[in-house]
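Student: I would like to learn how to read helix packing and pockets. Please take me through an example.

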Amino acid sequence: MADSATVAASGPDTLDADVTAALAAFLAAKRAELTAMHPALSAVVDEIERRCAGSSGRRPAYAYWAWRGCAGADASHDAPVDDLAVRRALSALELLRVAAVEHADVAPEPPGPVPAIGRAILSGDLALIWSAEVLTTAGLPEETLEAIGPVWDALRTGLAAGSYLDLLRAAGGLDGATAAESPTGWALRLGAALAGADAAALAACARIGTLLDEGADAERIRRAVAAAPLAEEAREALLALSSSGS
């Protein structure tokens, strides 16, 4: 994992760059680890890097502003959880997304060559495993990791369940069903949990995420953000993110 000298965090405007740098450093270390086993394993890291490069990085951004919103306006300076550690930790959301995308590529489409299917499965599995490693080695306090454990576990379970429902729907075996919570809702909840938010704040974040992933109109999103117990700067940042597309 990158250290504080590698991933500079001068303010929220560097968030995307910080997440990208954290992932790049982590995957570079994993490439060295895997290729020491066998050079052919570099292809797996190539695939994960390719998927990461194709992301907008919005889930870490939503999670970050949920954390800032629940920790307070001065979170980047005075919060017990370090701002840079939060940025590194939230890069785990990108690996979770990659895992879901890789696994979704396996079925129910007509199968391609067995090596391609196997690579997708293994790339997805590694991304899922590494997401937990990113989170736990980001520099968060032990008590914070313990506190967010239930939300992190529920997040991974919810994303896997949602992916399974998507596969059933694509195969024609399910009509109109949705997962219990949206991916953006989980990201927002994780950010809020990092700040030690209460149940009301977690529920409000989940509501905002669901509206975003459902493509709700701007006014409904604005009302949900306004009603959430968040610091004002976080409200403005979330609305800016939502207006630029989720």
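This is a predicted model: local features need pLDDT of at least 70, side-chain atom pairs count only at pLDDT 80 or more; totals for chains, interfaces and linings use all residues.

Tutor: Residues are numbered from 1 along each chain as its sequence is written, and side-chain values use heavy atoms, with hydrogens and water left out.

Student: At roughly what angle do the axes of helix 1 and helix 2 cross?

Tutor: Helices (H or I, at least four residues) are DSSP runs numbered from the N terminus. Axes are lines fitted to C-alpha atoms over the stretch in contact, and angles run from 0 to 180 degrees between N-to-C directions. Here the axes of helix 1 and helix 2 cross at roughly 165° and come within 9 Å. That makes helix 1 roughly antiparallel (over 145 degrees) to helix 2.

Student: Which residues of helix 1 and helix 2 meet?

Tutor: Contact means heavy atoms within 4.5 Å. Leu-23, Leu-27, Arg-31, Leu-34 and Thr-35 of helix 1 meet Ser-42, Val-45, Asp-46, Ile-48, Glu-49 and Cys-52 of helix 2. By class, this contact of helix 1 with helix 2 has six nonpolar, two polar and three charged residues. Ala, Val, Leu, Ile, Met, Phe, Trp, Tyr, Cys and Pro count as nonpolar, Asp, Glu, Lys and Arg as charged, and the others, Gly among them, as polar.

Student: How do helix 2 and helix 6 cross?

Tutor: The axes of helix 2 (residues 42–53) and helix 6 (residues 92–104) come within 10 Å, crossing at roughly 110°. That makes helix 2 roughly perpendicular (65 to 115 degrees) to helix 6. Glu-47, Ile-48, Arg-51 and Cys-52 in helix 2 meet residues of helix 6, including Leu-95 and Val-98. The contact of helix 2 with helix 6 has five nonpolar, no polar and five charged residues.

Student: What about helix 10 and helix 11?

Tutor: Helix 10 (residues 199–214) and helix 11 (residues 218–227) pack at about 170°, their axes 9 Å apart. They are therefore roughly antiparallel to each other. Among the residues in contact are Leu-211 of helix 10 and Val-225 of helix 11.

Student: How much space lies in the second largest pocket?

Tutor: Rolling a probe the size of a water molecule over the atoms shows where empty space is left. About 220 Å³ lies in the second largest pocket. Of the 15 residues lining this pocket, the closest to its centre are Thr-20, Leu-23, Cys-52, Ala-53 and Glu-94. Helix 1 gives the largest share of the lining, seven residues.

Terms used. Helices (H or I, at least four residues) and strands (E, at least two) are DSSP runs, numbered from the N terminus. Angles under 35 degrees count as roughly parallel, over 145 as roughly antiparallel, 65 to 115 as roughly perpendicular and the rest as oblique. On a 1 Å grid over the protein atoms alone, a cavity is a set of points where a 1.4 Å probe fits but cannot get out, and a pocket is an open set with protein on both sides within 12 Å along at least five of seven lines; lining residues have an atom within 4 Å of a point. Grid points are joined across faces, edges and corners, and a volume is the space filled by probe spheres set on the points.
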